[in-house]
Amino acid sequence: MRFTNNTSIIKTIENIGIGDIFVIAGQSNASGRGFTLNSYSHSNLKACLFGNDYKWKELVDAVDNNSGQIDIVSNDSAAKGSPWPIVATNVMQSHSIPIAFIPTAKGGSSILEWQPGSNHSDPSTLYGSMNRRIKAAGGKVKAILFYQGERDAFSNTSQTNYEQRLNQFVNTVAADFPGIKVIIGQIGHADNTGLDRIRKAQFKVINSNPNAILGPATYDIKLSDKNGDFLHFKSDKDMLEFSRRWYMTLNQIYYSGVNGYGPILDINNIIYNYIDNKIIVPFTDEKTPAINIKSTVSPDSFDLNNNGSVNISAVNIKKDIVEITPSSILNITKSIKLSYASLNKGVNKAIYDMDNLPAQNFYDVIVKMEKSIKTLPNYFNGNIHLYPNPAEQKLFIRIQNSVNVINIKIYDIHRKLVLTDHQVVENNITRLNLSILEKGIYYIFIEAGQEIISQKLLKK
């Protein structure tokens, strides 16, 4: 740099960074535990790193190297290969935007250790160290990439406590650095029953806190093979996929990517088709079809509860839905709940989209019965009317279309066919004798020409 009004004054600056900065926070999988030290590549752009020594340098693995560590609280001597050089390569090659990282993660850290102290810049706390390094690095941080929770799963942190502490972390970031959001990656494969508590808490924060953003799902990647340890992304294959999913998420959020997540559950339209004994689970996605037919999903991927656990005999993919067949008829007078990929049931058995991104797991979603009726064509469109309902001995059926004969089937709540009849229609009306039926709930199907209706019927 040279001052034009005094050419004798010269100031040299070796590097000026132009690009996007991301902060890395969380525990060991954010710090990196891969077998291979990764490197970025680009023909003319450089990726950078604001190291633990508070110095800018070119990006190299281990990204979280503790050489020259200043803030001892985040000293991570076990840091090895990480996904971040690969993520940088993907962004730079796809969008020609230089990328930089500020590593602040600490292996084995709990969500409690990420809580801010009274002094938000206190370098003796993980939050304070992160806060201070963001300020020291200069420039505008794009987002905080937070991948943490395995420690809390193992230490039996309650869902409520984790949720409160994660919210506190996210809200403090938003207050200290307006505009910076926290992207929360979902913890993956680990041999511990506490996984679901942490994942549920993460989902609740993401869905309720406007300063939190959904990160990549990793529950389906098996971390116990390829010399793995049931916890860390170690092998080159696993690390490459871990990196790809972080890139896909960032690409959609910040770089106009069209697909950052797997199939999205259509939670309001999960239905139980009583007559066919099928649970219809619909999904949507940025690409069509929503579900890759080659998905490895299986009956073991789900948990079905209907006043007790129910086995699943088959799972089939049909374009945008997963069709689940229970091994027994469900009791529609009891609640029906469905969970997907709880604990490690989604490992190598997931629902994928056309970019092989996995659907987010879900827990205890209520399956509705009544909407299964609406899957039939011309549902009660005014041309067929049943009355009275509830009925005692007789049910009247009014047909507004010009049909002469209708076919009737009635099923009880256990899907057993209890009555069939063929009725001749005179003057657009006929009646059905219900005297043989006991009191209770039934389902009546009426076929009148090209129209079919199905309706719940109560016999008094």
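**Ring contacts and pockets**

The charged end of Lys200 is placed over the ring of Tyr363, 5.1 Å from the ring centre. The model is a predicted one. A second largest pocket has a volume of about 450 Å³.

**Charges over rings**

- Besides the contact between Lys200 and Tyr363, Arg133 lies over the face of Tyr54, 5.7 Å from the centre of that ring.

**Aromatic pairs**

- Tyr219 belongs to the loop between β7 (212–214) and α7 (236–254), while Tyr340 is in strand β15 (residues 337–340), so the pair ties together parts that are 121 residues apart in sequence.
- Tyr219 and Tyr340 are both buried.
- A cluster linked by ring pairs takes in Phe22, Trp84, Phe101, Trp246, Tyr254 and Tyr255.

**Largest pocket**

- At least two lining residues come from each of the strands β1 (20–26), β3 (56–58) and β4 (99–103).
- The most is given by β3, which supplies three residues to the lining of the largest pocket.
- By residue class, the lining of the largest pocket comprises ten nonpolar, five polar and five charged residues.

**Second largest pocket**

- The second largest pocket, with a volume of about 450 Å³, has a lining of 15 residues.
- Phe203, Asn207, Gln360, Asn361 and Phe362 are the lining residues that lie nearest the centre of the second largest pocket.
- Helix α6 (195–208) and the strands β8 (264–265) and β16 (362–366) each contribute at least two residues to the lining of the second largest pocket.
- Eleven nonpolar and four polar residues make up the lining of the second largest pocket, with no charged residue among them.

Terms used:
Residues are numbered from 1 along each chain as its sequence is written. This is a predicted model: local features need pLDDT of at least 70, side-chain atom pairs count only at pLDDT 80 or more; totals for chains, interfaces and linings use all residues. Side-chain values use heavy atoms; hydrogens and water are left out. Helices (H or I, at least four residues) and strands (E, at least two) are DSSP runs, numbered from the N terminus. Buried means under 20% relative accessible area, exposed over 50%, partly exposed in between (1.4 Å probe, protein chains only). Rings of Phe, Tyr and Trp (its six-membered ring) pair if their centres lie within 6.5 Å; planes under 30 degrees apart count as stacked, over 60 as edge-to-face and the rest as tilted. A charge sits over a ring if NZ of Lys or CZ of Arg is within 6 Å of the ring centre and within 35 degrees of the ring normal. Ala, Val, Leu, Ile, Met, Phe, Trp, Tyr, Cys and Pro count as nonpolar, Asp, Glu, Lys and Arg as charged, and the others, Gly among them, as polar. On a 1 Å grid over the protein atoms alone, a cavity is a set of points where a 1.4 Å probe fits but cannot get out, and a pocket is an open set with protein on both sides within 12 Å along at least five of seven lines; lining residues have an atom within 4 Å of a point. Grid points are joined across faces, edges and corners, and a volume is the space filled by probe spheres set on the points.
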